[in-house]
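Hi everyone, thanks for making time today. Let me put the structure up on the screen, and then I'll walk you through what sits where.

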Amino acid sequence: MKKIAGLFCLFLITSCGSMLDIAGKGAKTKCLYLDTDSLKIVQSCDDRLIFRINVSERSNAKDYNGKLIFSEDLKIFSDKFVLPFNCDSLDKKFLEISIQLTDTHFREIWYINTKPGDLKKKKKISSRYFGH
C-alpha cells in the first residue's frame, strides 16, 4: 500500500502543470519550440496546429503580469509561425510567448520564456506545458 501511495505522490509531484508541480514551470516540451535564428515557432509534437499566439513583455524574469505586445488568432491554423518582430528589438527584453493548439482544452497553454541575450544565441528554446 505504501508503494502505491508513494508512486501516486511521485506522479502528482512530477506531472506537468499539476497543483504539486514543485518548480511551477510545467513540463518541458522539446517538440514545440522557438527557433531564435528565424523567430519561428515550430510545433512538431503531433498533428495539432497552432491557432493562437500572445507575446507579452515582462519587466524581469519573475514578473508574471507583462504588457501584451502582440496577439494573433490565426485564420489559417499552422504548425509553424514566424513572429512579426525584428530580432534586435526583442533581444533586450524579457518575453513570454503563450501558444494554444487545436484539439486541446482552452486552459491548456504552452509557454516560451526568453531573457535578454537569448535571441542572439541562435538556438532552440523549448516550450513548457501548463494545464491549469
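**Starting from the core**

The largest nonpolar core here holds 21 residues, and the ones with the most contacts inside it are I41, I53, L83, I97 and I99. By nonpolar core I mean a set of buried Ala, Val, Leu, Ile, Met, Phe, Trp, Tyr and Cys residues joined through side-chain atoms within 4.5 Å. At least two residues of this core come from each of β1 (27-35), β3 (50-58), β4 (67-78), β6 (94-101), β7 (108-114) and β8 (124-131). The biggest giver is β6, with four residues. As a reminder, in soluble globular proteins nonpolar side chains tend to be buried together.

Before I go on, the ground rules: this is a predicted model, where local features need pLDDT of at least 70, side-chain atom pairs count only at pLDDT 80 or more, and totals for chains, interfaces and linings use all residues. Residues are numbered from 1 along each chain as its sequence is written, and side-chain values use heavy atoms, with hydrogens and water left out.

What does I99 touch, once residues up to four places away in sequence are not counted? The answer is L32, I41, I50, R52, I109, W110 and I112.

**The overall layout**

Let's zoom out. The chain has two helices and eight strands, and from the N terminus on they run α-β-β-β-β-β-α-β-β-β. Helices (H or I, at least four residues) and strands (E, at least two) are DSSP runs, numbered from the N terminus.

Of the 132 residues, 38% count as buried. The cut-offs are under 20% relative accessible area for buried, over 50% for exposed, and partly exposed in between, with a 1.4 Å probe and protein chains only. If you take the contacts with a separation of 6 or more, residues 24 or more positions apart account for 57% of them.

**The sheet**

In what order do the eight strands line up in the open sheet? Reading across, we get β4-β3-β6-β7-β8-β1-β2-β5, with antiparallel pairing. At the edges are β4 and β5 (80-82), each of which pairs on one side only. Two strands count as paired if DSSP finds at least two bridges between them. On average, neighbouring strands are turned by 25° against each other, direction ignored; the axes are lines fitted to C-alpha atoms, for helices over the stretch in contact, and angles run from 0 to 180 degrees between N-to-C directions.

Let's stay with β3 for a moment. This strand is mostly covered, with seven of its nine residues buried. Towards β6 there are eight bridges, and the two strands run antiparallel. In that pairing, S56 has E96 as its bridge partner, and E57 stands opposite L95. Towards β4, the antiparallel pairing spans seven bridges, and R52 is partnered there with D73. R52 also turns up among the residues that I99 touches.

**The disulfide**

How many disulfides does a search of the whole structure find? It finds one, where a disulfide is a pair of cysteine sulfur atoms within 2.5 Å. The pair is C31 and C45, with the sulfur atoms 1.9 Å apart. The torsion about their S-S bond is about 100°, so the disulfide is right-handed. C31 lies in strand β1 and C45 in the loop between β2 (40-43) and β3, so the pair ties together parts that are 14 residues apart in sequence. Both are partly exposed, C31 with a relative accessible area of 24% and C45 with 31%. Another cysteine, C87, is also partly exposed, at 21% relative accessibility.

**A few loop residues**

Is D118 buried or exposed? D118 is buried, with a relative accessible area of 4%, and lies in the loop between β7 and β8. Leaving out residues up to four places away in sequence, D118 touches T36, D91, N113, K123 and I125.

In that loop between β7 and β8 we also find K122. K122 is not a glycine, yet it has a positive phi of about 50°, and it is exposed at 58% relative accessibility. D103 is not a glycine either, and its phi is positive at about 55°. You'll find D103 in the loop between β6 and β7, exposed at 75% relative accessibility.

Conventions
Contact = heavy atoms within 4.5 Å.
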